Amino acid sequence: MKFILMMVFASGIVMNCQGPPPAINSPFEKVKALSEEYTILPIPSIKPEWWLREQIQKNLDGFTGRLDTLVPALILEDQIYGRNRLTKKVKNKNVGALGNEGDWQIQFLWWNSETQSNWRDGYLRSAILTNEEYHLRKLSQYIRYILSTQDKDGYLGIYDDDIRYKFDNENGELWAKASLLRGLLAWYEYTGDKNVLIAIERAVQNVMNNYPATASHPFYSKQPNVGGTSHGLVITDVLESLYRITKKDIYRDYCLFLYKDFSEQTLNEDAQYLKLINDTLPLKGHSVHTYEHLRSIAAAYMASGNPLLKKAIDSFLKKINKETTASGAAVGDEWIRGIRADATQRGYEYCSLQELMHSYLSLMVKFGDQSMADQAEKIFFNAAQGARHPEKSCIAYLKSDNSYAMTGGLNGDDHDKKQTRYSYSPVHQEAAVCCVPNAGRIAPYYVQHMWLKNNRTIVAALLGPSTVTTPIGNDTITIKEETNYPFGNLIRFEVTANSKLAFKIRKPDWVSKFLLTENYREENGFIIIEKKWSGTQIIELKFNPEVVVREDINHEKYFTYGALVLAHPIEALEERGKSFPIAGFYNYKYSPKEKTEYLFANEKVLTDPVQLKFKTLVINPRTKQKDTIELVPMKETILRQITFK
Ligand SMILES: [Zn+2]
């Protein structure tokens, strides 16, 4: 007590000498860098099990493991980081996308870098998590190749030296590196190969030499609509990872510089500082940019500790909430357009599901905020599972919560003949090969954030079947999480540890009742078991979900059971489309056998918790009678109704 009083007294003296803290004039001013609440574990520390492993394995056997053969022209035949780097002479590129002629086609020049590197990022992480030797061998050859493309000055990228770093318009300089280096960082975490880390640091140093902080403008563009340039802001992912590995402040500080320049240029981007703090301004931009930039601002905030940036993040989250549907997805049929989320009228892009989930996870790590984990789980278990084909290896590029037709346009809209995004494909080349690569990233990113740590604390931050092994103090602990969560609600933790340790389990926001076979305390949404552990111990945690009727932002009703959003499946006719160089892969369209938009009747729901089948009565607007319908988890559906007016 005496010690505490002295501390208070001492700090009072310091305050008096210094006077009030100086006013903060700029959101880009560095106040005091902050530390992240939790530590992210290296990829090999966590293994997915059961359904999570099966899903990643299925991706490896399908579009993730074989995308290079499904679209050889975009991957195998375009060595965009190597001998096919872009030069002044390359004015256009055919990437197979349908669409109207226009200035936007300048983007085609860098598109293959995103396709290749996002694909490989998901592929690398999937192969590492499942320890699949065939794929790991193939990927190690790729790593050797890509490192061989690095120039003497450290340049790794897609431009020849006649144009690199000299742009006044749309370009993919930073974006091509961000997507590439994320994958290389995964490989470094897996192998510990110092040469890979050196290559990444040299590539980033080359960026900092050519775009010096405070003396350059990487986001300058003479016209405000830039795809690749503003995607490039997420090179903050790479800078943050390098900071975590090396503890060199320069990487973190550069995030602040990038966000400042991004905010100060004339760009049609939602995440610019002055737009964020204007509460009346809705989100309008290209949705995937908007949602990925959330974590770039968070990176700038950690570098600066500037409370003005924290305010901007809070305002940003409120704006995203207005764009969020029942399934956790944030909308944007490529564009958000300032129109609120809607279960039927608004679609969401698979890329946005991955990028927003990753942003929420990044905020969870930084601030320890478990509500961000709830949002991430919601997206992954519902929107993301519900935009995968339940049986075949393909996904929807765009999907809506209420999905009454998947024939190209939103719910059967055939106004735009070139719109193919609302359909299923292992590639989606007619739109862009962006969503399929991201569909291979989302499960690995979920798995990698399931377990976090902090001093003598291990945290089950996201729930699901997995095993974690990690050193804490002088002990190496292993926890096996045996569960079918969220498709089951019993979790059996097998904890092997021999030291004093706090084991924190995030209590999902929907949980009201649970049973735990161990003494615990609850704190800030976590169940905490703190004790001296010895040998191996089994702890069982049981949630007792009930079907709950909730409202989306438009007050339409929907049903949840635990972490699952339920959907009424609609019988569909399948139309098989284009085939691919690998037998058995096709595009698919679906139209409803019969379309009825049911109305809410406020009736009881019969529950079969083992089969996860539910039944309720709803009003059929044609007959005015009540019909019995079935409800199932979103992941089992193609066409479906989720919300009921
Ligand atoms: Zn996409």
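Predicted model: local features only at pLDDT ≥ 70, side-chain atom pairs only at ≥ 80, totals over all residues.
User: OK, then are Arg421 and Glu334 buried or exposed?
Analyst: Arg421 and Glu334 are both buried, and their side chains form a salt bridge with an N to O distance of 2.9 Å. The two partners come from distant parts of the chain, 87 residues apart, with Arg421 in the loop between strands S5 and S6 and Glu334 in the loop between helix H13 and strand S3.

User: And what about Asp249, which residue does it pair with?
Analyst: Asp249 forms a salt bridge with Arg252, where the closest N and O atoms are 3.9 Å apart. Because these residues are 3 apart in helix H10, about one helical turn separates them. Arg252 has 12% relative accessibility and therefore counts as buried, whereas Asp249, at 41%, counts as partly exposed.

User: How many salt bridges does the whole structure have?
Analyst: The search of the whole structure finds 39 salt bridges.

User: Switching to the metal, which residues coordinate the zinc ion?
Analyst: The zinc ion is coordinated by Glu349 through OE and by Cys351, Cys434 and Cys435 through SG, at 2.0 to 2.3 Å. Along the chain these donors follow the spacing E-x1-C-x82-C-C, and Glu349 and Cys351 are both buried.

User: Why is the arrangement called tetrahedral?
Analyst: The 4 donor atoms subtend angles of 105 to 118° around the zinc ion, so the arrangement is tetrahedral, given that the criterion for four donors is that all angles lie between 85 and 135 degrees.

Definitions and conventions
Residues numbered from 1 in each chain as written. Heavy atoms only, no water. Donors = N, O, S within 2.8 Å, 3.2 Å for Na, K, Ca; no water. Tetrahedral: all angles 85-135°; square planar, octahedral: opposite > 155°, others 65-115°. Buried < 20%, exposed > 50% of the residue type's maximum accessible area, 1.4 Å probe, protein only. Salt bridge = Lys/Arg side-chain N within 4 Å of Asp/Glu carboxyl O. Helix = DSSP H or I, 4+ residues; strand = E, 2+ residues; numbered from the N terminus.
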